[in-house]
Amino acid sequence: MKISVIGTGYVGLIQSVGLSKLGFEVTGIDIDERKIKKLNSGISTLHEEQLEEELKLFINENLKFTSSYESVYDSDIVFLCVGTPQDDFGNADLKFLYSAVESLKKYIGDKYKTVVIKSTVPVGTCRKIKKILKDYPVEVISNPEFLREGIAFKDFFEPERIVLGFENPENIESTKLLKRVYSHFEKKGVPFVISSWETSELIKYASNAFLATKISFINEISKFSDIVGADIKTVGEAMGMDDRIGPKFLNAGIGYGGSCFPKDVKALAKQFESFELESKLINATESINQTQNIWFFENKIKKYYGDVSGKTFAVLGLAFKPFTDDLRESKAIELINILLKNGAIVKGFDYIEKARENTINKYALSDSKSLGYSLHILDELNDALFNVDGIIVATEYDFDKEDWSEIKNLVNNPVIFDGKNVMDSKTLKSLGYTYFGIGKN
């Protein structure tokens with residue numbers, strides 16, 4: 001079976017390499033010639049555990065990348081994995097998706113094809129794409145992705161469920177081809193959810209919005225916990241012991257970021273608006289997330305110093321989550337901007353080299369003159385910590401593994417603001433650090 005995958009971002013590249021490992025003949029398509037050249041040389045264009053090693057195994061065997069759509073002509077299945085970023089009004093911007101669909105038309109030919117939408121799209125998009133392709137021999141299927149950056153390749157091979165949406169979900173013939181593609185997972189007992197297009201599209205948005213809501217909920221409770229002297233970490237752990245709630249996404253912090261939750265929450269709210277429905281809970285989820293970092297700065301950092309102007313801070317973690325290089329909607333970057341705006345000097349560090357590179361490039365390309373003056377991105381943790389007035393944990397790495405007794409000798413002031421509640425506060429306090437978490441003493 002021949003498969004084309006359009007788009008080589010997180011979803012498309014994982015899908016391409018994953019399907020090639022399952023034994024399919026795969027062609028990845030992207031308009032960026034520089035990315036294509038790197039990928040065909042076995043160089044991953046993003047940081048993801050296992051990805052480059054697997055890419056090297058299959059490239060030029062049953063996997064190749066190109067900027068041409070010609071492979072579509074001989075393909076049985078075409079996966080659409082292009083980005084659907086947020087537009088200026090908070091809607092999902094589908095221009096890249098529709099552009100890819102228009103490009104497909106020239107290469108569909110007479111051979112029947114299955115077009116699978118993996119991109120996150122508003123409810124009703126598959127129906128619109130089917131209408132665009134109504135004169136072509138194609139079936140349109142919704143197959144939303146549920147990959148977590150940092151462990152996306154693992155998620156591809158160990159999915160919790162596979163969702164497939166069809167125009168007519170009762171047509172057994174329609175499900176056969178995709179079940180052949182995913183037969184590896186069916187044999188492993190992975191649940192398949194077979195539904196209509198609209199149901200499948202909404203499952204993706206509802207899942208992300210609910211997880212984001214759990215984060216905003218615990219962050220809201222953390223503010224009350226702060227005032228009354230409770231320990232939000234214990235609160236979250238106890239809540240998570242209830243099977244109806246579950247333990248995940250109940251760790252208070254400075255908010256959620258990344259390429260999915262922020263844009264998907266906003267896009268879902270916009271979809272409610274388009275049907276003249278009020279999305280109170282979804283809007284509250286977003287509102288809490290937008291203000292959490294400001295609350296942390298005002299009530300923890302600024303309250304301790306009075307004025308941060310001229311103070312030097314080490315911000316530990318740059319990407320929106322550990323073990324990735326993705327800065328999209330990163331709360332660490334947002335916090336850096338707040339510190340810079342208030343006159344502070346920032347020394348940033350991340351364990352992932354590409355995350356550091358991306359941060360440097362981000363500020364070099366912006367109008368900000370802070371890089372090299374008020375902002376310094378360091379390759380070594382100790383360099384970032386040297387002579388600082390405060391340490392801020394902004395990404396959920398295991399920083400406890402570092403030697404904090406030695407680090408104490410590097411800093412001007414042994415004070416830690418734990419924006420992710422991941423540090424061992426008791427040990428740090430025993431070493432002489434002043435510690436500030438979120439919703440805990």
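Start by selecting Lys204: beyond its neighbours within four places in sequence, Lys204 is in contact with Thr120, Pro144, Glu145, Phe146 and Asp264. You are looking at a predicted model. Lys204 lies in helix H9 and counts as buried because its relative accessibility is 4%.

Next, bring up the wider set. UniProt, in an unreviewed entry, places the feature "binding site" at Phe146, Leu147, Arg148, Glu149, Lys204, Phe249, Leu250, Asn251, Ala252, Gly253, Gly257 and Lys321. These residues span 176 residues of sequence and are spread in space too, with up to 24.1 Å between C-alpha atoms. Of these residues, Lys204 is included in the lining of the largest cavity.

From that set, pick Ala252, in the loop between helix H10 (232-240) and helix H11 (261-274). Is Ala252 buried or exposed? Ala252 is buried, at a relative accessible area of 2%. Now show what Ala252 touches, not counting residues up to four places away in sequence: Ile218, Asn219, Ser222, Ile232, Lys420, Asn421 and Ile438.

Return to helix H9 (residues 197-228) and select Phe224. Phe224 counts as exposed, because its relative accessibility is 56%.

Finish at His47, in the loop between helix H2 (33-40) and helix H3 (51-58). With 30% relative accessibility, His47 counts as partly exposed. Leaving aside neighbours within four places in sequence, its contacts are Tyr10, Phe323, Thr324, Asp325 and Ile352.

How values were computed. Residues numbered from 1 in each chain as written. Predicted model: local features only at pLDDT ≥ 70, side-chain atom pairs only at ≥ 80, totals over all residues. Heavy atoms only, no water. Helix = DSSP H or I, 4+ residues; strand = E, 2+ residues; numbered from the N terminus. Buried < 20%, exposed > 50% of the residue type's maximum accessible area, 1.4 Å probe, protein only. Contact = heavy atoms within 4.5 Å. UniProt positions renumbered as here; feature names shortened; annotations may be inferred. 1 Å grid on protein atoms, 1.4 Å probe; cavity = no way out; pocket = protein on both sides within 12 Å on 5 of 7 lines; lining within 4 Å.
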